[in-house]
Amino acid sequence: MEQFFQQLTNGLAVGGIYALIALGYTMVYGVLKLINFAHGDLFTIGAYLGLTLLTSLALTDHVGGFLGIGLLALMVMGLVGVIGILLERIAYRPLRESPRLSAVVSALGASIFFQNAVMLVYGAKFYVYPQNLLPNIPVSVLGMPIPLMRILILVASVVMMICLYLFVQKTRIGTAIRAAAIDQGAARLMGIDVNRVIMIVFCIGPALGGVAGMMVGIYYGQINFTMGWIYGLKAFTAAILGGIGNIPGAMVGGLLLGVIEALGAAYISMAWKDAIAFVVLILILIVRPTGLLGERVAEKI
Amino acid sequence: MKVPGHLLAGALFALLLCAPLALDRYWVDVLNSIGLYAILGLSLNIILGYAGMFHMGHAAFYAIGAYTTAILNTSYGVPVLWTLPLSGLAAALFALAVARPIIHLRGDYLLIVTIGMVEIVRIALINDVFGITGGANGIFGIDRPQLFGFKIRQPQHFFYLIWLFAGLTILLFSLLENSRFGRALNYLREDEVAAEGSGINTAAYKLAAFVLGAGWAGMAGTIFAAKMTIISPESFSFWESVVLFMIVILGGAGNIAGVILGAFLVVGLPEIFRDFASARMLFYGLAMMFMMIYRTQGILPPRPRVYRLDRAGGAQ
């Protein structure tokens, strides 16, 4: 029971991180029908920028752990969001009218570019996030101890997801995003600036992915320039699991995948942990390509 | 056009075969790598170029071929070159099994699933699946291939083995390109619904292309295992698949000459600019982006088929 509980909460925390990354995939896919392969590398960039800011600004020493990390997260979101907008401008916008697969190749190129840019700037070694950023307050739920960090990550990701959901459902810009996702041409006729919508999507998605990178750094303590690839692929699996293009689907899919993976690693095999996500991905695509919540996808795949 | 084109290709190939006389061992070895990647690129070209299926897990088939050779040779003492058809068969059977359920997936979904497949294969190899793959260390001590009592050992010897196999591949695949099979693949790449409507069994043709490409990559795996004498899962990482994908896409998907040019550029150029080795993937990434923006079809795209009215039915 104890082990199950630990694995479950661990899975939920990791799942929250997957969900944040998955949101970036699903929003971009919703509007552009493009798998943004470079998204995982934006996540890596978030992790590295977070580390650089953390060590160079030393904010956490001045304003305390919680506020400091909150401010850093906002900065990382802003910076990675800008990189996301630039990425769309340079690598995807010229290909808007091309065959979809050209954009996919361009996205792969961007992914390779980012990954190697990070390697050239920071070097190929593992970086270690400073430990003890936050006071280690013992917490226990249902009489079982649980690391504070785990709760914070889960809460932070759920809060961000709720904010995003409200933003997309309740605001004018959110409505424009949903309209552009359903039918770009019609949205344009209704006076929606689709280019602006795409820009916003390419800002929000990478911003969430970037902050997820920082969370991984804090949670696991170490980062590496290739980590975006595996996280990106898993988050994409989460997006597919929930139904790609569907924002609540990405959230559910992320949490579900995190739990499946944690329990699978604990009860089936640790060595096959990474394979579990891919098996889930392949099974979902074969059995139910629209995912759990993605009922409205009319296109046959 | 036809005769000079073939003559040019033949002359270039003859010139290439003389290359080991003028080059040192290092550069011959580079040419060997290029040749191996050219074979792999050509096998991927059937799937990605002719049939237009976005397949980014080709390293999985290559790995299965190489491991088949390694296991048969080190555990059962089968001579390396005898394992060549068996490797091809093993990779083809594996492709048949995995491709069946996923073959109908469209474009980018197929891409993602094949990436998942190659990762699962790599993880399986690392985890020493069935206890025969040697885990993360791989398998070492693979014999050198022997042909009519002659032991192929030096890079120069491998050069002729690899490039003769490449030449055979080019010959067979150019026949394939212009066959009924090749035309059917092109048709379903351009318009699957129309192809289906014209009586082409698209699922069967796609599957056949997949299996053929995979089998050929498996045979390339045999040559790789023989050349290296040691193989490990890291030789078949996802990036290997990306490099193959780039060879086909940058060179010119669907064109044999383009794919070979792609192999020279993607594998050969970094050797010339070895001083910038760490930045070479950065340039690959940039090249992929700009290529897609300015020249989507690759450097040497296939020439459209020309059918003359006075020679009914004759291609080009």
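pLDDT is the predictor's confidence in each residue, from 0 to 100. By that score chain B of this predicted model averages 85, with 95% of the residues scoring at least 70, while chain A has a mean of 86, with 96% of its residues at 70 or more. For the complex, the predictor gives an ipTM of 0.80 and a pTM of 0.84.

**Confidence along the chains**

- In chain A, confidence is highest in helix α9 (residues 194-220), at a mean pLDDT of 92, and lowest in helix α3 (residues 59-63), at a mean of 69.
- Among the elements of chain B, the highest mean pLDDT, 92, belongs to helix α9 (residues 202-228), and the lowest, 75, to helix α1 (residues 2-22).

**Overall build of each chain**

- Chain A is made up of 12 helices and four strands; its radius of gyration of 19 Å is close to the 19 Å that the globule rule gives for 301 residues, so chain A is as compact as a globular protein of that length.
- Taken along the principal axes, the C-alpha atoms of chain A fill a box of roughly 55 × 45 × 40 Å.
- Chain B has 12 helices and four strands, and because its radius of gyration of 19 Å is close to the 20 Å given by the globule rule for 316 residues, chain B is likewise as compact as a globular protein of its length.
- The corresponding box for the C-alpha atoms of chain B, again along the principal axes, is roughly 55 × 45 × 45 Å.

**Helices of chain A**

- Helix α5 (residues 100-122) of chain A has 23 residues, which at 1.5 Å a residue should span 33 Å, and the C-alpha atoms at its ends are 33 Å apart, in agreement with that expectation.
- Just after α5(A), A:G123 takes a positive phi of about 90 degrees.
- Helix α6 (residues 148-170) of chain A packs with α9(A) at an angle of about 175 degrees, their axes lying 11 Å apart; because angles over 145 degrees count as roughly antiparallel, α6(A) is roughly antiparallel to α9(A).
- This contact is made by A:M149, A:I153 and A:M160 on the side of α6(A), and by A:L208, A:M215, A:I218 and A:Y219 on the side of α9(A).
- By class, the contact of α6(A) with α9(A) has seven nonpolar residues, with no polar and no charged ones.

**Contact between the chains**

- In the complex, 31 residues of chain B are in contact with 32 residues of chain A.
- On the side of chain B that touches chain A, the elements that give two or more residues are α4 (83-102), α5 (107-126), α10 (238-251) and α12 (280-294) of chain B.
- The element that gives the most to this side of chain B is α5(B), with 11 residues.
- By class, the side of chain B that touches chain A has 22 nonpolar, six polar and three charged residues.

Notes: Residues are numbered from 1 along each chain as its sequence is written. Chains are lettered from A and ligands numbered from 1 in the order in which they are written. This is a predicted model: local features need pLDDT of at least 70, side-chain atom pairs count only at pLDDT 80 or more; totals for chains, interfaces and linings use all residues. The expected span of a helix is 1.5 Å times one less than its number of residues. Axes are lines fitted to C-alpha atoms, for helices over the stretch in contact, and angles run from 0 to 180 degrees between N-to-C directions. Angles under 35 degrees count as roughly parallel, over 145 as roughly antiparallel, 65 to 115 as roughly perpendicular and the rest as oblique. Two residues are in contact if their C-beta atoms, placed from the backbone, lie within 7 Å. Ala, Val, Leu, Ile, Met, Phe, Trp, Tyr, Cys and Pro count as nonpolar, Asp, Glu, Lys and Arg as charged, and the others, Gly among them, as polar. The radius of gyration is taken over C-alpha atoms; the globule rule is 2.2 Å times the number of residues to the power 0.38.
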